[in-house]
Amino acid sequence: MKRVLTFLLVIALVGACAAWYLSRNSAQAATLRTAQVRRGDLVTSISATGTVEPEELIDIGAQVAGRIVQFGKDTNGKSIDYGSQVDEGMLLAKIDPTIYEADAAAAKAQLESAKAGVKRAEADLQQSKAKLYQAERDWRRAEALGPSDALSQAAYDAAKSAFEVAQANVSVGEAAITQAKAEVDQADGNVMRANRNLIYTTINSPVKGVVIDRRVNVGQTVVASLNAPSLFLIATDMRRMQVWVAVNEADVGSIYPGQPVTFIVDAFPGETFRGQVNKVRLNAAMTQNVVTYTVEVTTDNSSGKLLPYLTANVKFETDRHDDVLMVPNPALRWSPRVEQVVPEARAAYEAEQQGTGAGAASGGGPSSGPTTGSGNMAGRMGRGDGVGRPTSGPTTGPAMRRAGGRGRGRGAGGYRPETVWVKDGTLVRPVKVTAGATDDIDTEVRGPDLTEGMEVVVGEVLPEVSTGPTSTNPFAPPQMRRGPGGRGPGGGGGGGGGGRGR
């Protein structure tokens, strides 16, 4: 009986061990996700956001106040409205001219009155000159006789006084003519002013273009006081557009006139537009201690697709590598477990992990802030600049985007040693490469064992492990694994220079 019980107990233990082993292998079974090494052109860039603007805008205002009584016709014979095509000199709107016509008539009448005043002053002057002639002759006779029995002293003095008064009246007449002519000039200016105000009631287009904005309606009263009210906004040429891009001060040093630019707009998904940098405006703006510069990008809009004020996602091309081998960035971040590595490379991989683990231990502790990198504490830490500094905050930045943002030191020519993993049956084997520039999606790689079309591992899908009678959602995405240490966006593991900001 004891033998039977012992035999049954051994069978139960063996069965339990076998079940545990099978369940463990089943839990650890994973499906490796791969991607091909491909050849193509890789462009590194600076990303920013801007607004599409017409290259030249004319703000049409009103210089007189009044009620809008009429809109003009565009080139198609329709009333001026949004998007209307207009030619230079074409009527845009008309303000009620009644008051200004009356002012012009009054100014003209005042001018005629002033001209009549000039003629009267001239006639008065002629009369004064005639009286002066008579007084002068009387005075000459009195002066020849002198005070005597033939001419009394009173008559002598009266002749002299009359002559002097006549001289003064001539001077007064000449001054009156000057004053009358000045009044004519003043009245003439009033006429010009009234006529000009009358002309201002008719608002014509100063350029040929497209009406971007109409800000008034018929019947609306515009008031022109210190500032001219804006009525229309006209773009002179919609075939040439600009993108005004706000660029961070950390990136503006890499922007230069003539630099190639690509951008996309949400209105046309999947279509890429091209342009080039025109200039960098020097009037920087500061918002919450962040300094940005406005960069003008010119682009061709012969197709007419780009509309004013669209939001553009812009990329400034900073570097370009044509016809190079590239791998997806996750291929450089993924690391296998030791049991997944082929036997001939397993010992070296274990030694590398132990070495990097020691480097991580001297790095001064874990990261105290989010990092955009691999997060592989065991497999990647300690490969940085040899100092092992911990990460104390976000490492995503423009400079890291341009350079690839990796903690590992670069070699000659900006390349750095990396490892990609390729499938070898059910296991994986390492392939040593040197990685260069990145565009945040792919990274340029070089290596003697690297060929175009080679399948490299970018991640793995772990099956769900059930720990009890729980319900399973058939629509839930499969669990992803990118390597030991939990490599997710913003995952830990930035200490020791190993956090790879991408």
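The largest pocket in this predicted model has a volume of about 430 Å³. Its lining is made up of 19 residues, and V43, T262, R274, K315 and E317 are the closest to the pocket centre. Sorted by class, the lining of the largest pocket holds nine nonpolar residues, six charged and four polar. Strand 16 contributes the most to this lining, with six residues. The strands that each supply at least two lining residues are tabulated below.

| Strand | Residues |
|---|---|
| Strand 2 | 38-54 |
| Strand 12 | 260-265 |
| Strand 16 | 311-328 |

Leaving aside residues up to four places away in sequence, V297 touches M241, Q242, V243, V245, V261, G275, Q276, V277, N278 and F316. For one of these contacts, Q242, the C-alpha atom is 5.3 Å from that of V297, although 55 residues separate the two along the chain.

The mean pLDDT is 79, and 77% of the residues reach 70 or more. Residues 360-412 have pLDDT below 50, and this stretch has 154 contacts in the model beyond near neighbours in sequence. Over residues 480-502 the pLDDT also stays under 50, and the model has 102 contacts for them beyond four places in sequence.

Key. Residues numbered from 1 in each chain as written. Predicted model: local features only at pLDDT ≥ 70, side-chain atom pairs only at ≥ 80, totals over all residues. Heavy atoms only, no water. pLDDT = per-residue confidence, 0-100. Contact = heavy atoms within 4.5 Å. 1 Å grid on protein atoms, 1.4 Å probe; cavity = no way out; pocket = protein on both sides within 12 Å on 5 of 7 lines; lining within 4 Å. Points joined across faces, edges and corners; volume = space filled by probe spheres on them. Helix = DSSP H or I, 4+ residues; strand = E, 2+ residues; numbered from the N terminus. Nonpolar A, V, L, I, M, F, W, Y, C, P; charged D, E, K, R; others polar.
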